[in-house]
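Subject: Structure handover and what turned up in it

Hi,

Here is the structure I promised to send over.

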Amino acid sequence: MSPLDFVVSLMSLYAELLARWWGVIVPVLFLISHGLAVISAWHAIRYTRTSQAAVAWTVALLALPSLTLPAYWVFARHRFAGYREAVRDVGRQHLASLNAIERETMTAVDARTTSLISPLDQVADVLDTPICVGNQFQLLIDGGAFSRALLDQISSAETYVYAEFYIIRDDAFGNRFADALIAQARAGRTVRLLYDEVGCLKLPSSYLRRLRDAGVDVRAFNTRQGWVNRFQLNFRNHRKLLVVDGRRGVVGGLNIGDEYLGGDSGATRWRDTAAFVAGPIVKKIQAVFASDYYWASRQGLPEAKWSHEETGEAVEVANATGLAAICATGPADKRSRATMMFAAAAGAAQDRLWISTPYLVPDETTLNALSMACARGVDVRILLPNDADQWLVYLAGFHFESELESLGVAAFRYTDGFMHQKCVLVDDKLVLIGSTNLDNRSLYLNFEIMLAIEQPDFVAEVTAMLTQDFANATDSGVMSDRLRPWYGRIGTILARLFSPVL
């Protein structure tokens, strides 16, 4: 028998068997899919974040199980399994390190009252995160200042460098960043790099191989690690941070790539902000990296320094008075700590609450907190980009912008480039800078980090920066629905339906 005759006979046999058993296969598949749909619907009723989402998923699962089942198990979950257990493991392994952090933050805690008199007190208390005293800060406005500070700090490392970014590009700045890490690794320093698999989907393997060949410890923060998370493509590690020798760090909203340099690279201006910090708070940033690194590698950081004595920074920060706390949030939290952070900031505001965010898809708790601040007479403003980089989120933002304006919250659209900074200003007392957007993804699905700073000079700098940003923006109230085309209005309505997974 020729190979062609064999294939033909095999296909004929398959067709005969299919015809004979079709009446059995279809009912069995029907029962299996509907059985899984019922189980998934019960799961949705028990665990979906809001009752509206639970009803929507339940109806869809029971009506169209074949189409809805894959979508439900990819997009519906908002709890990340295994990370908290990993953090507890790394905590047990580095108990002495954690005790060192606790001892150093006690000085700051003891120096404060327990009456929660400042916005920083209130935010730190709600998130149960310690306040560190004796820090120095530098505001990094846009990509030029950020890139210079980042590369300068990497080149100044004496012992180790930890870097963690959501997106890394294989372009001019991406290669300058890689060269800086490689130089330190070849000089004998410990260099560790974490990246998000989804954010770096376009990053070629040759880029990572070049780093590894030079001795850089490169790890992917794999959110699909473990059976429970196998299909969870919706979670991201969105943090952007750098730690050098446990003494100095950078936290902000910028990734690694030419596009984030904006005007410095000749492209459309990319308006973004980061902060350089030196002092005890860096060890809290380091602790966040340690947890993420342990999840990615199941290994600790044996070279990490956790006390003033180890880092030798006592003289360096002796005259520093800046107070700071780290707001590290993510889908492994038992409660939405990112929502709690925004709500606490809104609740602490007495005179003004200015928020800049590239994406606006808030939850009900945050909407209520902003509304209550408005009702108290607080000047509440939201600064948004006038241009879009993600159309679905951009269109959904118009719905929530209208809702906020109906509550008295003023919305402004930034017109001097693309506005990507994540910054919160509370009165003239507190600034939050980092990676957290005011959208569902940052509130519930992403691992994020914000640096909360209380230092008069730094707050004054941020106030001046945001004042200029608002001067370069248009009051969004003049861009009402009727001034946008009909297809834009329809897109806004449809985009809002997908807001739970944006």
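To start with a question: are α8 and α9 roughly parallel or roughly antiparallel to each other? Before I get to that, some bookkeeping. This is a predicted model, so local features need pLDDT of at least 70 and side-chain atom pairs count only at pLDDT 80 or more, while totals for chains, interfaces and linings use all residues. Residues are numbered from 1 along each chain as its sequence is written, and side-chain values use heavy atoms, with hydrogens and water left out.

**The α8/α9 pair**

Two packed helices are described by the angle between their axes and the distance between the axes. Helix α8 covers residues 172-186 and helix α9 residues 205-213; they pack at about 20°, with axes 9 Å apart. Axes here are lines fitted to C-alpha atoms, for helices over the stretch in contact, and angles run from 0 to 180 degrees between N-to-C directions. Angles under 35 degrees count as roughly parallel, over 145 as roughly antiparallel, 65 to 115 as roughly perpendicular and the rest as oblique. So α8 and α9 are roughly parallel to each other. On the α8 side the contact (heavy atoms within 4.5 Å) is made by G174, N175, F177, A178, D179, L181 and I182, and on the α9 side by Y207, R210 and L211. Those residues divide into six nonpolar, two polar and two charged.

**The chain as a whole**

The protein chain has 17 helices and 18 strands; these are DSSP runs (helices H or I, at least four residues; strands E, at least two), numbered from the N terminus. Of its 502 residues, 56% are buried. Buried means under 20% relative accessible area, exposed over 50% and partly exposed in between, with a 1.4 Å probe and protein chains only. Among contacts with a separation of 6 or more, 81% are between residues 24 or more positions apart.

From α6, P119, Q122, V123, V126 and L127 meet R337, M340, M341, A344, A345, G347 and A348 of α12. That contact divides into nine nonpolar residues, two polar and one charged.

In α6 the buried residues are P119, L120, D121, V123, A124 and L127. Besides α12, they pack against β10 (322-329), β15 (423-426), β16 (430-434) and β17 (446-454).

**Two aspartates with positive phi**

Just after α6, D128 takes a positive phi of about 55°. D128 sits in the loop between α6 (119-127) and β1 (132-141), and it is exposed, with a relative accessible area of 70%. D245 has a positive phi too, about 60°, although it is not a glycine. D245 is in the loop between β6 (241-244) and β7 (248-252), but this one is buried, at 2% relative accessible area.

**E164 and D292**

Which residues does D292 touch, not counting residues up to four places away in sequence? They are Y83, E164, L194, F221, N237 and R239. D292 lies in helix α10 (residues 281-297) and counts as buried at 0% relative accessibility.

E164 lies in strand β2 (residues 160-165) and is buried as well, at 1% relative accessibility. Leaving aside its neighbours within four places in sequence, E164 is in contact with L194, N237, R239, K240, L241, F289 and D292.

Cheers

Key: Nonpolar A, V, L, I, M, F, W, Y, C, P; charged D, E, K, R; others polar.
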